[in-house]
Amino acid sequence: MNSENTPRFSDRFEFIPGENDLYSLLESFKRSEQDWIDLTVSNPTKVGLVYPREAILHSIEKPESMEYDPNPKGMLNARKSIVGYYKEKGYNISEEDLFLTSSSSEAYSYLIKLLCNPGEEVLIPSPGYPLFEFLSLLDGVEFNSYKLDQNDSWKIDFEDLGSKITNKTKILFLVSPNNPTGSLLTSEEFEKLKVISKTKKITLILDEVFSDYLHEENQNQFDFFHTDFPIFVVNGISKILALPQMKLSWIHVGGPTNWKKECKERLEIISDTYLSVGTPIQLALPELFQWRNMIQSQILRRIRRNLQILENFHSSHTGIGYTSPKGGWYAVLRSESFLNDKEFSFRLLEKEKVLVHPGSIFGFEEDSGSIVISLISETELFQSGLEKISTFL
Ligand SMILES: Cc1ncc(COP(=O)(O)O)c(C=O)c1O
């Protein structure tokens, strides 16, 4: 709290002191050492995956880590290994178009600084990743949400999107597969976005952190890297290698040649100001990529088993709406019983000791009766969490 004799804090965000009810209840469980089932867990290091522990630790203790040779874009060999990752996926990109950052949040923050003046606007998907709002506030820009249409496989509602664009709109954020709806951007949507980007001079930023986690056969993804309009692609090892603690993400810069050249020069100035990525992880990256299949196959197997359990749960609960996600680590459940979502989540935690996300934190209307659960929870816990939700209902 500010008193008269102390400096004022910034008004970038609204500070509400204290904890919310759900958080306070969890804290009381922790204090009294009571167990609960966490159906929100999305930290891959806490869900019983088997990592090549010794190999990973060995990779990050190279003698060269004792020297500092900063490069604003990130070390060349690290960037080359990212080029190799995309090559395996069938995309040809250049290491010259990559910038390393310590997280995708930092990548967003750089891009907002690159593209927006204070007070200009960004558009974020709703429902969508909750951090976009806060990141925008911290960088002094306004945000507005555009709707994804629940009744049309969560496709972009272009009428709504059109109505949200103003002459201050600079960035349109996209997430594919989207968190939490699990929907994928279609080529028809991408064509329309291309027109919007060109006619309204809006830059697209695509978050593809879940792109290696697809749940249906033959899902064609398309090339976001070679475009004649500005698009940045953000990804990183917090999902690709399930190593969020290692702090390494990247930005790929794409767009028309002249624009792209100046863009990279400007972005280099921003990156050079922070130089935030540690040397040990950059040196380790080429080796770490070798473990991608081993780590991802465990997660994909986990998700597929949990999705099967969820299908069974869904078919025995006719009042619950559920659309199978096409990708990502989350599923959305809808029901009148989940109204009001925050109150439902609180009562579920209080009575059954099961934690779920109220949908409203992802931008669902509070009266939509939506909750969000993580698909990477350990399968036994996932199953018993759903059984407890059943009992509660
Ligand atoms: C859509 C999306 N992007 C990015 C991230 C986080 O990435 P990082 O750990 O690199 O900040 C998350 C985390 O859950 C996410 O859901």
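Where is the place of N179? In this predicted model, in which residues are numbered from 1 along each chain as its sequence is written, local features need pLDDT of at least 70 and side-chain atom pairs count only at pLDDT 80 or more. Totals for chains, interfaces and linings use all residues, and side-chain values use heavy atoms, with hydrogens and water left out. N179 is located in the loop between β6 (169-175) and α7 (187-200), where helices (H or I, at least four residues) and strands (E, at least two) are DSSP runs numbered from the N terminus. The relative accessibility of N179 is 6%, and the residue therefore counts as buried; buried denotes under 20% relative accessible area, exposed over 50%, and partly exposed in between (1.4 Å probe, protein chains only). When residues up to four places away in sequence are not counted, N179 touches G128, Y129, F210, Y330 and F362, a contact being defined by heavy atoms within 4.5 Å.

Strand β8 (231-236) was examined next. Six of the six residues of β8 are buried, so the strand is largely enclosed by the rest of the structure. In a regular strand the side chains alternate between the two faces of the sheet. Both faces of β8 are covered, with I231, V233 and N235 buried on one side and F232, V234 and G236 buried on the other. Two strands are taken to pair if DSSP finds at least two bridges between them. β7 (203-207) and β8 run parallel and are joined by four bridges, and D207 has V234 of β8 as its bridge partner. With strand β9 (residues 249-254), β8 pairs in the antiparallel sense over six bridges; here F232 stands opposite V253.

A separate open sheet description concerns four strands in the order β10-β11-β14-β13, with antiparallel pairing. β10 (321-322) and β13 (357-358) stand at the edges with a single partner strand each, so one side of each lacks a neighbour in the sheet. β10 is joined by two bridges to the antiparallel strand β11 (residues 330-334), and Y322 is placed opposite L333 of β11.

Charged pairs were then considered. Side chains of opposite charge can pair when their charged atoms come close. With a salt bridge defined as a side-chain nitrogen of Lys or Arg within 4 Å of a carboxyl oxygen of Asp or Glu, the count comes to 18 salt bridges. One of these joins the side chains of K30 and E27, at 3.1 Å from N to O. Both residues lie in helix α1, three residues apart, about one turn of the helix. K30 is partly exposed at 45% relative accessibility, whereas E27 is buried at 18%.

A further salt bridge is formed by E88 and R292 (3.0 Å, N to O). This pair links distant parts of the chain, with E88 in helix α3 (residues 76-88) and R292 in helix α11 (residues 292-315), 204 residues apart. E88 is exposed, with 63% relative accessibility, while R292 is buried at 10%. D212 forms a salt bridge with K89, and the closest N and O atoms are 2.4 Å apart. Distant parts of the chain are again linked: D212 lies in the loop between β7 and β8, and K89 in the loop between α3 and β2 (98-101), 123 residues away. D212 is buried, with a relative accessible area of 12%, and K89 is partly exposed at 22%. Salt bridges that share partners join E88, K89, D212 and R292 into one network.

F15 is in the segment before α1 (21-31) and is exposed, with a relative accessible area of 63%.

A search of the whole structure finds zero disulfides, a disulfide being a pair of cysteine sulfur atoms within 2.5 Å. The closest cysteine sulfur to that of C116 is in C263, and the separation of 13 Å is too far for a bond. Both cysteines are buried, C116 with a relative accessible area of 10% and C263 at 4% relative accessibility.
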